[in-house]
Amino acid sequence: MKLWGGRFAGATDSAMDDFNSSIRFDQRLYRQDIKGSMAHATMLGRQGIIPKEDADLIVKTLGEILQDIEAGKVNFRVDAEDIHMNVETLLIERIGEPGKRLHTGRSRNDQVALDFKMFVKDEIQEISNMVTDLMKVILSVAEKNLDTIMPGYTHLQRAQPITLAHHMMAYYHMFSRDRERLSDCLKRTDYMPLGSGALAGTTYPLDREFVAKELGFANVTANSLDGVSDRDFAIEFCSCMSLIMMHLSRFSEEMVLWSSLEFGFVEMDDAYSTGSSIMPQKKNPDVAELVRGKTGRVYGDLMTLLTVMKGIPLAYNKDMQEDKEAVFDAVDTGKMCLDIFTRMLATCKFKNENMYAAASKGFTNATDFADYLVKKGTPFRTAHEITGKLVLHCLGLGIGIEDLSLTELQELGGDFIQEDVYDAISLKTCVDQRKLIGGPCSDTVKADIEKAKAEL
């Protein structure tokens with residue numbers, strides 16, 4: 001008979017057992033469930049709610065069950081529905097009556113909320129560490145390429161010269177914000193719900209603060225209805241994961257473009273590339289493409305949670321059983337992508353000469369030519385117009401601004417243009433003169449890198 005079966009005269013249909021059961025996926029919460037139960041049992045014994053010898057036996061046996069699960073000696077049962085009932089059933093089978101005391105003062109509603117929060121807390125820390133590992137690789141690439149000039153883009157058109165280091169640090173700061181978001185999410189997840197009961201707490205004198213301390217929670221939930229029905233932490237976590245994946249996807253898109261013959265900025269290591277079944281010359285950036293594709297899965301996980309929760313009245317409803325698979329998928333997909341992308345990036349070979357050659361074309365120094373005219377006294381809008389006409393003239397000749405003679409420049413732009421114009425519009429000057437905080441000047445980027453290394 002099921003542990004809740006006293007009110008029922010008939011047995012549930014086997015199809016109902018299968019439909020209602022969550023053990024096929026929530027069994028991965030076994031460690032959190034057992035640790036939560038051990039803390040709860042210890043508290044029950046300390047408070048005199050159950051005999052201390054029973055509490056000690058429960059804790060000891062739960063530890064043995066944990067060892068047996070991790071050793072692969074336990075087969076979970078569908079008819080026991082979920083990880084909570086499976087563990088409790090095992091406990092009762094092993095020690096009998098004392099095991100039946102474990103569930104005193106709690107419900108599966110606050111039990112699952114506890115397990116789920118413990119799981120999310122564990123994963124936040126692990127994923128934060130993985131994001132940190134990626135940030136370290138990005139810093140390494142940036143540090144080696146402080147003087148690697150490349151074109152910066154807007155609308156995927158060559159715009160202005162920057163450095164590879166500057167480009168890499170843009171992604172560093174994206175992932176830095178992701179890490180901060182995970183840390184913020186952890187703060188709001190760090191509220192222990194056990195003691196909320198099914199929805200209205202309990203009449204037993206539970207020591208919730210003791211359980212929270214035992215399990216490493218900073219706080220206890222302040223409202224029992226909210227304690228069992230809150231899944232904001234899971235939604236926020238999936239939002240954090242979606243942003244991480246979005247940043248990985250943007251980075252992946254650029255790596256796909258850069259590895260093409262049209263760009264030729266990077267080559268992926270053979271260990272993180274694949275070939276074609278028919279075209280022998282191909283070297284495909286499958287890691288980047290798959291990361292880009294898997295981003296949609298994590299977005300879907302977020303939308304699943306938002307949709308599940310949008311119409312649920314207080315407090316717990318069975319719909320909320322659907323929360324775990326979405327979070328589990330976001331965790332598994334995100335961690336897999338972070339790991340393989342970090343490995344791929346660490347082994348990439350960047351083609352500095354091709355980057356410089358690309359920056360030399362497409363009039364990436366046009367803005368600096370206009371700025372040169374402004375510094376000589378020309379209003380910016382006039383300088384912009386003159387430079388635009390100059391670019392049009394050069395396009396007709398198939399040359400760059402720097403390829404024009406001084407006489408030609410003076411005829412088109414004014415007699416005040418002097419020999420110093422060529423230095424002013426050189427790619428190195430275009431980069432080095434952008435010294436403002438956040439700019440691509442090598443000294444500025446180097447300072448950003450040093451600050452980032454200190455933060456890590």
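A total of 31 salt bridges is found in the structure, which is a predicted model. Selected examples are set out below by topic.

- Glu64 and Lys60 are joined through their side chains by a salt bridge of 2.7 Å, N to O.
- Both residues belong to helix H4, which covers residues 52-70. Glu64 and Lys60 are four residues apart there, about one turn of the helix.
- Glu64 is partly exposed, because its relative accessibility of 29% lies between the limits of 20% and 50%.
- Lys60 has a relative accessible area of 52% and is therefore exposed, the cut-off being over 50%.

**Salt bridges between separate elements**

- A salt bridge of 2.8 Å, N to O, links the side chains of Glu81 and Arg108.
- Glu81 is located in the loop between H4 and helix H5 (83-95), whereas Arg108 is in helix H6 (residues 108-144), so this pair ties together parts that are 27 residues apart in sequence.
- Glu81 is buried, with a relative accessibility of 5%, while Arg108 is partly exposed at 24%.
- The side chains of Glu236 and Arg188 form a further salt bridge, at 2.6 Å, N to O.
- Because Glu236 is in helix H10 (residues 232-258) and Arg188 is in helix H7 (residues 164-189), their pairing ties together parts that are 48 residues apart in sequence.
- Arg188 is partly exposed, and its relative accessible area is 46%.

**A salt-bridge network**

**Aromatic rings**

- Phe265 is buried, because its relative accessibility of 1% falls under 20%.
- Phe263 and Phe265 also belong to one aromatic cluster together with Tyr153 and Trp258.

**Charges over rings**

- Arg28 is placed over the face of Phe328, at 4.5 Å from the ring centre.
- Lys324 is placed over the face of Phe116, at 5.6 Å from the ring centre.

Technical notes: Residues are numbered from 1 along each chain as its sequence is written. This is a predicted model: local features need pLDDT of at least 70, side-chain atom pairs count only at pLDDT 80 or more; totals for chains, interfaces and linings use all residues. Side-chain values use heavy atoms; hydrogens and water are left out. A salt bridge is a side-chain nitrogen of Lys or Arg within 4 Å of a carboxyl oxygen of Asp or Glu. Helices (H or I, at least four residues) and strands (E, at least two) are DSSP runs, numbered from the N terminus. Buried means under 20% relative accessible area, exposed over 50%, partly exposed in between (1.4 Å probe, protein chains only). Rings of Phe, Tyr and Trp (its six-membered ring) pair if their centres lie within 6.5 Å; planes under 30 degrees apart count as stacked, over 60 as edge-to-face and the rest as tilted. A charge sits over a ring if NZ of Lys or CZ of Arg is within 6 Å of the ring centre and within 35 degrees of the ring normal.
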